[in-house]
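User: Can you walk me through this model? I'd like strand pairing first, then salt bridges.

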Amino acid sequence: MSHNVRVRFAPSPTGPLHIGGVRTALYNYLFAKKHDGTFILRIEDTDQNRYVPGAENYIIEALNWCGIPFDEGPGKDGGYGPYRQSERKDKYFAFAKKLIDSGDAYYAFDTAEALDNHRKEHEEKGKTFIYNWHNRNKLDNSLVLTAEEVESRIAAGEDYVIRFKSPQDETLDLYDLIRGDMEIDTNILDDKVLYKADGMPTYHLANIVDDHLMEITHVIRGEEWLPSLALHVLLYRAFSWEAPKFAHLPLIMKPAGKGKLSKRDGEKMGFPVFPLLWKDPNTGGISQGYREDGYLPEAVVNMLAFLGWNPGTEKEIYTLDELITDFDLEKVHKAGAKFDPEKTKWFQQQHLQQSSDEEITKEFTKVLHKHGVDEKQSYIHKVVTLLKERAVFVEDLWQLGDYFFERPTTYDEKAVKKAWKDETPEILTQLSGVIAKIDDFSAENASNTVKTWIQEQELGFGKVMQPLRIALVGSMQGPDVFEIASTIGKESTLERLRFAIEKL
């Protein structure tokens, strides 16, 4: 087995990728990059009934958007392909046959009806029917039939499955990088089907064979695979292959209440559970995505990294490179991680503040185009520097500062009631005269000039500054009022004052 780290993310193309899946991919990616290893994408599409068109492309696009692209996978052959299980299906029978020959598996001819009857009989006695060591010698399989009988039944075209023969009376020692040592009594395991009547392998067989052939060194996957660990370890043993190391990640839990995070939680509480927008090809239903909701991929990755892992320090804001350096599977928690939509917004805000003003300006320009605004980059850049720290999303900059691009036509009633008095029009008319005479209309100079005038007139700041803000902004929000005036310029400032005096 190669000693270079090789890990895989192996989703089924049955719909959009849930953020739990994105986190699994992320942890695989971080582990691979930390150890100069290879991150592989394998598409597990053996279940053709559940296959959804577009899902595979969605998975690839989501990984690329998050900045965690695969090194090997569909379209990027590293010599271990093909990377879709459906294109590998001729490989699996030989391995199932090998287990038959070594006595680790057997042919079973039991019909669905026969198994159903056994199940019902057991239920009537208050028991559960398990196909394993305690009854397999009484059922219809190659353990009790002669070799000739088996051959003639297969030749006659009878349906059969191939089942794994679980060992009896053994305590199996398992090790997980996150959970440590575990013990399993093999008597409780059932004889799982490895190869189905339709000529397709089950997940268990395909998974082990592919991991072996692709030389996977570490299997990092969700906690829901923990019950399969014993079978997988036994399969490695039956094939006399070296097993990879296993790590089972904690579940991502609902923000409130018990259970794991679902699509419904997101719909109910108004946050995405998918990385990208998904349109269901069957129903046409639309599920929101982090990308379309305006989240930065860096923020989503940072948030997901902390769902189940913690560096053990105070540091919470991480770039992808810093995550690669600090990530450690031993520090992944066993307990489920509660999803927190508010914390996700906090990560988004922190990452937006860390983005360069140039990047934000580029994105904000797109938002302005949607609102029919075409402005010089230098002007948009100035607005971004004034508003950025109040924003969570780039989209917010429009709500926070639309008045930089168009004159307010309506005024906030509460603000007007509070700040607009009988003498206000007279004061603002005088103020316009003062502003008209200012040559150097920088924020600092305008501020000094106007404040000096207010003091000379003994007017009180609120009487001037509040109506001035209402005239320029339309409400009491926004950054320093002279920064606003200086940015929109002297002509616009005077024009807005005139308009407000007339209108109010």
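Analyst: Six bridges join β5 to strand β6 (residues 180–185), and the two run antiparallel. Strands are DSSP E runs of at least two residues, helices H or I runs of at least four, numbered from the N terminus. Two strands pair if DSSP finds at least two bridges between them. This is a predicted model: local features need pLDDT of at least 70, side-chain atom pairs count only at pLDDT 80 or more, and totals for chains, interfaces and linings use all residues. Residues are numbered from 1 along each chain as its sequence is written, and side-chain values use heavy atoms, with hydrogens and water left out.

User: How many residues sit between β5 and β6 in the hairpin?

Analyst: Three. Within the pairing, L172 stands opposite I184 in β6.

User: Which β5 side chains are buried?

Analyst: L172, L174 and D176, which point to one face. Buried means under 20% relative accessible area, exposed over 50%, partly exposed in between (1.4 Å probe, protein chains only).

User: Now salt bridges. How many?

Analyst: The count is 29, taking a side-chain nitrogen of Lys or Arg within 4 Å of a carboxyl oxygen of Asp or Glu.

User: What does K366 pair with?

Analyst: E363, at 3.1 Å, N to O. Both lie in helix α12 (residues 357–370), three residues apart. K366 is partly exposed at 48%.

User: And what about K370?

Analyst: K370 meets E395 at 3.3 Å, N to O. That pair links distant parts of the chain, 25 residues apart. K370 is exposed at 64%, while E395 is partly exposed at 33%.
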